[in-house]
Amino acid sequence: MKKEITALSILTILSALLVPITCVICKVDKIPSEVIYLPTSLYTFGQYANLIVTAILVTFVFGLFSLLFYFEKLKKIYFIFLYLLNIFIIIVEIFCLSKFGLAISPPMTSIMADTNNFLEVKGFFQTYFDLSAILIITGTLLISWLIWHYSQKIYDFVENNKKIFIGIFIALVALSLYGTHKIGGLTCSPPIMKTIYCAKYWLKVKGNLAKLSSDKTNRVEITKNNADTPFAIFVIGESEARHFMGMYNTKYDSTPLCNRLIDSGNMFAFTDTISMKSSTAQVMTPLLSFMDNTTETTDLTKFDPIVDVFTKAGYQAFWISNHEKITKDLSYATYMSTRCNYSTFTAKISGNTEFTSYLCLKDEVMLPHLDNYIKNQVPQKDKNLFCFQIMGSHIRYPDRYPDSFRHFKASDIKEDGFKDNQKELLASYLNTIYYTDYILNEIINRFKDQEAFLVYVSDHGEEMWQAGFQGHGPTNVSKYMVEIPLLIWVSDKYKEKNPQIVEQIKEAINKPFMTDNLVHVILDLAKIETKQYDATKSVVNEKFIPRERVVVDGLKYEALRK
Ligand SMILES: [Zn+2]
């Protein structure tokens, strides 16, 4: 039995090193930290000891199970099964890491769990099964066979040098407590542990969403309903920072089409609006419901969802998303889609976009779905709400726009002290903005002759090294991660009918606003009031009262912007 236990321990320890090793060999540049941290945060020990403690735990726990079997032979079969299962999971992890930079993580498990279509799986393997895949499989099998084959010898060696190994173990624990938390910049965890953790996590998320979605009651209490605008449109952007948009910064002409709308007096660009947080995960619920930054409770059922307000007010609601379905981060968005009469997710994947975003499509794939709805469903009702969630400027910028939108080049970048690769990345970031400008206009063009309004807001911003960092995240927030565009577009017919509202919008564009209260603005534009609506929270309302804007952990925006 010692042989099997030894082999399993060694394989578990080695497999924990998979992520850093594969990343180095396959030149995977950036693994989002959450992928690695989530599973390892389970353990209290530092990372070096972590691998060993986990290996012992795995072996011990699984070993205990094997005691259930009385017969030695059955035990052996059990261990061989565990060993093979480990090998399989290891191959899956190396494969996904090298092909997509995707480690075993909650999003990855949800993709797999949701991919129940045999053709999808078959197509996937046909696409990615190549020489490197064969190398990964044979390499893993060979190493695993060597470990199994020599495990008795290794066991004997450890047994004969017990003191040394105990010494090494204690030293590693001490070292890890001293503060060494990463190996090669990445933390480590055995794939089998991550798989167990992720499966548990996925079941929990699915359960929560099912619980939230099972209640179909619309609790909105309308107090005033003057809604008569046939088309209300709400577009949620992604990672778009105000600083690089042509309408806010004349350095780069990245929003020519929207600029034209601003010039014609149909679009209004708010200059002092910030997002309430700096990651998609944190913004969706406040953006889509009456929850705001001051809210203490986490009971989501307390806040009326925006879609429920509109359906109660006589609208039929549409959800068109180029994000993925069901994730931890976006489950509120997915939930919101279930409250709509019609919903389309163009990305044929589910999981978490932070990690699967490169499997998503260009935003224009949403337009045919919109056309289809306009042609077939819109005539059914006189009032329609369209909600969009676009991929916009999501990380992996070059994947966001078609080649024909490669408008900016590195040579166009005017930032001081930028290296070539930084210029390259900023140019492609600008191209995502240039492309979003086009997408917004494509949507607007479909409604410009109707009575309609559109609200566009980015979920959060993005820093491009202005404060030394590139990207965005829930922590280490900079002002660039929260300073976002808020655009309100109104059609000529809407302007004619609602001159007073348009006047209010014009007056509001420079007022300090935070998007956790956006729902009140949208209700003002639609002329609906509900029990949870509060005019003092709507920047386009004459009763608006500016509030202190607290972004993250008590961090005040006014301090951040200095
Ligand atoms: Zn985002």
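I looked up Gly-139 and found it exposed because 12 other C-beta atoms lie within 10 Å; a residue counts as exposed at 12 or fewer such atoms, buried at 20 or more and partly exposed in between, with C-beta atoms placed from the backbone. I note that the model is predicted, so local features need pLDDT of at least 70 and side-chain atom pairs count only at pLDDT 80 or more, while totals for chains, interfaces and linings use all residues. Residues are numbered from 1 along each chain as its sequence is written.

I placed Gly-139 in helix H8, residues 131–160; helices (H or I, at least four residues) and strands (E, at least two) are DSSP runs numbered from the N terminus. The C-alpha atom of Gly-139 is 9.3 Å from that of Ile-91, which is 48 residues away along the chain.

For the chain, I noted 21 helices and 13 strands, and buried residues make up 46% of its 562 residues.

Turning to the sheet, I read an open sheet of seven strands in the order E3-E11-E8-E2-E7-E5-E6, with mixed pairing, where two strands pair if DSSP finds at least two bridges between them. Its edge strands, E3 (267–270) and E6 (342–345), each pair on one side only. I followed E3 to strand E11 (residues 486–490), with which E3 pairs in the antiparallel sense over four bridges, and I found that Phe-270 has Leu-486 in E11 as its bridge partner.
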